[in-house]
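Please read them alongside the sequence and the coordinates.

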Amino acid sequence: MASRLFADFDPVSESQWKMKIQMDLKGADYNQTLVNTTADGIHIKPIYHRDTAPQIQVPSHANDSNDWYVSQKIYGGNATAANKKAIDAIHRGAQGIALLIPHADVDLEELFKDLPQHGIQVHLPFFDLNFIEKVYHLRPQVYVHIDVIHQLARYGNWFVNKDQDLRDYGTFLKKFDRYFSNITVNTSTYQEAGATVVQELAYYLAHLNEYLMAYCDGVSRYGVDLKYAFAKAENTSNKAATKPQKRVNIDTTVGSNYFIEIAKYRVYRILTKTLGDAYGLHLSCYITATPGLRNKSLLDYNVNMLRTTTECMSAVLGGADTVHNLPYDSFFNKENEFGDRIARNQLLILKEEAYLNKVSNAADGAYYINALVKELADKALDVFKSLENSGGFISALFEGTIQRKIKESDRKEREAFDNKEKILVGVNKFPNEAQPLQSSYEILPFQKIETRKTLIAPIVPKRIAEDLEKSKMPKE
């Protein structure tokens, strides 16, 4: 269209809008009446205007397009069953598969049989270089996700010890080429344990910085220098090095605040590039997103489908590269065809019917989103700098600083939930009396407490509604 829409109307400045709002308030205080404050201290205003909107440049997707991939997570403990399920999921519309392989005794040939060469992620909760070597020889195109610092944060112990884990991880990154062996940073535990969005982003940056300090400082004590793998094209005359050999995998969970979550995924890319620039590296990232369990509930559990739909939309509009949806009953039922099908079809509807893969950066130019992006990025950088000045992320874990901060955020969110300031429909407001809790479930839906000796206090996820659900459980 050659002419600008609404060109016949006089522009209205932000100050004029505010004057009109103040008049309509009839003396009421603007800030107290209309400005809300998040747990991160971000002020949500009733109006955002181009007069003061920040200009935000977000780095592009990992694949230089705005498309995103419908994927499905599958437990790979039984190779035959997992293979059958993966093939069925692909036939039903999944474009990728994330295989969680729980141990090294899995028959890999059976597991990978007839699966596509591309679009397969392998997530490992253990670390075995010999096993990874077998995966590489069978499928060098897969993406192996393993994060030794996440192992420490989530479970309280290294796989072996710090030096051994970082040395083996460096070998993994150096030995296997390109995207098979990326640095992976898993931030899901922070979000699901109650971290605010700013904390999640700051801990991501500090978490990633531990890897960069270990492997990209030129004098690595672990015998690995990955600067070449992340080299900026202009820093080398070697044509083979004009494109970085690695990128950063970010494994995330999506929270419930629709617009802030959209902004969060944009900030992930900005912070990744910012940290890379500080090292003189070309750091791009590949973001995998799945709805978190934090706000899911046994009470009126069908509402979980609505929650996961909006959360997947946030991830897509924010720029996630791959989205795995969470079946509405995944935390209280065993894997089942109905739950998996509904979860997959939610994503297919967003992609094939809502055309969320056809719109180029739908959030671009939104004054509200841009304002959120700037505030989240600025606050996350402040927290990150404070962490680094205090000794870094791993040091903060051993001191218990990270755990204390997350517990404090968790406590505040639970208080807001108990006071009905934070609403979960069907849970603490508009409860569905026609769908009572059962006395038992296929899977224990509550936080699992494991007694074991740990180096640090682990960061343990817990759903917001758990305590309320326990109080409503029928007596056997």
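**Notes on the predicted model**

1. Leaving aside neighbours within four places in sequence, Thr 288 is in contact with Gln 121, His 145, Ile 250, Asp 251, Thr 252, Thr 322 and His 324; contact means heavy atoms within 4.5 Å. Thr 288 belongs to strand β9 (residues 285-291), where strands (E, at least two residues) and helices (H or I, at least four) are DSSP runs numbered from the N terminus.

2. The model is predicted: local features need pLDDT of at least 70, side-chain atom pairs count only at pLDDT 80 or more, and totals for chains, interfaces and linings use all residues. Residues are numbered from 1 along each chain as its sequence is written, and side-chain values use heavy atoms, with hydrogens and water left out.

3. Is Thr 288 buried or exposed? Thr 288 has a relative accessible area of 4% and is therefore buried (buried is under 20%, exposed over 50%, partly exposed in between, with a 1.4 Å probe and protein chains only). Its side chain forms a polar contact of 3.2 Å with that of Gln 121; such a contact is a pair of N or O atoms within 3.5 Å, where within protein one must be able to donate a hydrogen and the other to accept it, and residues adjacent in sequence count only if both atoms are side-chain atoms.

4. The largest nonpolar core has 112 residues, and those with the most contacts inside it are Ile 101, Phe 172 and Tyr 215. Helix α9 (residues 197-215) supplies the largest share of this core, 13 residues. Apart from this core lies another, of 13 residues, among them Phe 331, Phe 332, Leu 424 and Tyr 441. A nonpolar core is a set of buried Ala, Val, Leu, Ile, Met, Phe, Trp, Tyr and Cys residues joined through side-chain atoms within 4.5 Å.

5. Leu 129, Ile 132 and Glu 133 in α5 meet Asp 168, Thr 171, Phe 172 and Lys 175 in α7. The axes of α5 (residues 129-138) and α7 (residues 162-175) come within 11 Å and cross at roughly 15 degrees, so the two helices are roughly parallel (angles under 35 degrees).

6. Most residues other than glycine have a negative phi. Asp 114, not a glycine, has a positive phi of about 65 degrees; this residue is in the loop between α4 (108-112) and β5 (120-123) and counts as exposed at 64% relative accessibility. Tyr 355 also has a positive phi, of about 60 degrees, and lies in the loop between α12 (337-353) and α13 (367-389). At 47% relative accessibility, Tyr 355 counts as partly exposed.

Notes:
Axes fitted to C-alpha atoms, helices over the stretch in contact; angles between N-to-C directions. Parallel < 35°, antiparallel > 145°, perpendicular 65-115°, else oblique.
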